[in-house]
Amino acid sequence: MKRVAVLASGRGSNFQAIIDAMKSGEITSGQCCGLITDNPDAYAIIMAREAGIPVSLLDYHCFSSREEYECGLIRAMHGTNADLFVLAGYMRILGTKIVSEFAGKIMNIHPALLPSFPGLHAQRQALECGVKVAGCTVHLVDEGMDTGPIILQECVPVLQEDTEESLSDRILFREHRCLPRAVQLFCEGRIRVEERRVYIL
Ligand code: GAR
């Protein structure tokens with residue numbers, strides 16, 4: 001059984017999707033061993049408490065520098081003893097030190113079909129660009145911003161009447177399917193990475 005730690009900054013619906021998938025048996029090879037958050041008001045904290053999952057709060061504003069924060073984060077990540085770290089709406093960029101320390105062990109969910117629309121407000125970027133298909137991507141984290149090897153993607157149509165909110169909701173529904181699937185694949189040891197390509201074994 002692999003240990004899975006989740007990093008989340010806010011609402012935590014993807015975190016909840018992972019918890020639910022572990023309960024329902026969709027994820028059979030992983031157990032959630034901790035939530036790490038940078039936001040004392042994150043709703044994800046309440047979800048973790050309800051599920052009996054230990055919470056580590058690292059409030060960015062309580063650290064004197066970015067370096068100190070990153071050292072604290074590395075300590076907290078080691079403290080979970082996790083095999084996999086899932087960024088589920090974690091809204092801070094992980095520094096290169098963290099990425100190399102946990103190379104190949106961090107995955108992220110992003111609300112766009114990467115490599116299009118990395119960074120913030122991906123759904124708004126998609127609408128403004130006028131694409132007809134949008135979606136979500138689960139990828140391994142490397143030093144770049146949303147640039148790591150892609151594990152899974154799912155697409156949704158962009159409708160003429162879409163607002164940022166309606167498109168985000170449609171994508172989020174797919175995120176909740178895609179992320180638990182990727183976690184299960186990782187925990188089963190079925191992900192092999194060669195250069196930029198991810199092979200599902
Ligand atoms: C999700 O849509 C996730 O893809 C996005 O934040 C939302 C978090 O929702 N992540 C990013 O934009 C990262 N660049 P949640 O807290 O309900 O899971």
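Predicted model: local features only at pLDDT ≥ 70, side-chain atom pairs only at ≥ 80, totals over all residues.
Local features here need pLDDT of at least 70, side-chain atom pairs count only at pLDDT 80 or more, and totals for chains, interfaces and linings use all residues. Residues are numbered from 1 along each chain as its sequence is written, and side-chain values use heavy atoms, with hydrogens and water left out.

**View 1. Strand S6 and its two partners, S5 and S7.** Strands (E, at least two residues) and helices (H or I, at least four) are DSSP runs, numbered from the N terminus. Strands pair if DSSP finds at least two bridges between them. S6 runs antiparallel to S5 (residues 106-110) over 4 bridges, with Met 107 bridged to Leu 140. Antiparallel S7 (residues 150-157) joins S6 through 7 bridges, and Thr 137 sits opposite Gln 153.

**View 2. Asn 108, a residue of strand S5.** Asn 108 counts as buried because its relative accessibility is 9%. Its side chain makes a polar contact with that of Asp 146 at 3.2 Å (N or O atoms within 3.5 Å; within protein, one must be able to donate a hydrogen and the other to accept it, and residues adjacent in sequence count only if both atoms are side-chain atoms).

**View 3. Asp 38, in the loop between strand S2 (30-37) and helix H2 (43-51).** Asp 38 is buried too, because its relative accessibility is 9%. The Asp 38 side chain makes polar contacts with the side chains of Ser 9 (2.8 Å) and Arg 92 (2.9 Å). Asp 59 is 21 residues away along the chain, yet the two C-alpha atoms are separated by 4.7 Å.

Key
Buried < 20%, exposed > 50% of the residue type's maximum accessible area, 1.4 Å probe, protein only.
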